[in-house]
Each structure stands twice: as structure tokens, then as C-alpha cells.
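User: I would like to learn how to read the fold and the core of a protein model; could you take me through one?

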Amino acid sequence: TRAILSRPTRKAAFKGARECEVKYFAIGTMDQSVGKVDASGAIRVMTKVTARVYSLTKRLPRKVATINRDVPGFGPNDEEAYLNGLKASAKAAAQEIVAQLQSKGLN
């Protein structure tokens, strides 16, 4: 996920977040595959979630969590499968971020 934002853009985002007293900042992407019909007849789309979470509590941002997983989305057509995939992957990523932060005693 480091290549998504240029260094100056990332630095400005961190600065803005600090000014708003934000402790943690996530940067990531969600990429989806082309919908394919699975064995049940539904359309299946895979969504790849990649993210890094940074702690902004010290002078230099510190990476405190990393997400890298594939999440399926199903639906009767491509559009619903894509939307369901985005919803499912966002929920899974949020739950994983919270779990990783809690396991490190960060909140």
C-alpha cells in the first residue's frame, strides 16, 4: 500500500490527521476480480483488501497493523456481487484491524 500515495501526500495526510487529534490512520486498497458463476449458480466476486494502519501518537508514524486478505462477495448479478464483496471486505478489514490493535493493547 505504500505506493498508493506519494510521500508528500502521505505526509500531508498524516499532518492533517494529527491536527484533528486522530491516533490511528489507515491507508489501503480494495481490488475486485471479474464476477464468475459459482457451483450454486450465484455470481462470485473476490475482493482483495490490502491496508496498513499507522499510529500517529509519536513524531514518526509507526505501522501497527497490516491487512492482506481476499473476501468473497455473492449475488444474483455482477452489480450485487460487487457491492456485497465491498461490504463484506470492508467489514472483515475493520474487524481484523480492531483485533490486531486490541491484541497489541492499543485502543
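This is a predicted model: local features need pLDDT of at least 70, side-chain atom pairs count only at pLDDT 80 or more; totals for chains, interfaces and linings use all residues.

User: Which pattern does the chain follow along the sequence?

Analyst: Helices (H or I, at least four residues) and strands (E, at least two) are DSSP runs, numbered from the N terminus. Here there are 2 helices and 4 strands, and they come in the order α-β-β-β-β-α.

User: Which residues form the largest nonpolar core?

Analyst: A nonpolar core is a set of buried Ala, Val, Leu, Ile, Met, Phe, Trp, Tyr and Cys residues joined through side-chain atoms within 4.5 Å, where buried means under 20% relative accessible area with a 1.4 Å probe, counting protein chains only. The largest one has 10 residues, including Val49, Ile67, Ala93 and Leu106, and β3 (43–55), β4 (62–75) and α2 (78–103) each give two or more residues to this core. Apart from it lies another core of 6 residues, among them Phe14 and Tyr54.

User: What is Val49 in contact with?

Analyst: Contact means heavy atoms within 4.5 Å. Leaving aside neighbours within four places in sequence, Val49 is in contact with residues including Met30, Ile67, Ser89 and Ala93.

User: How much of the chain counts as buried?

Analyst: Of the 107 residues, 29% count as buried.

How values were computed
Residues are numbered from 1 along each chain as its sequence is written. Side-chain values use heavy atoms; hydrogens and water are left out. Buried means under 20% relative accessible area, exposed over 50%, partly exposed in between (1.4 Å probe, protein chains only).
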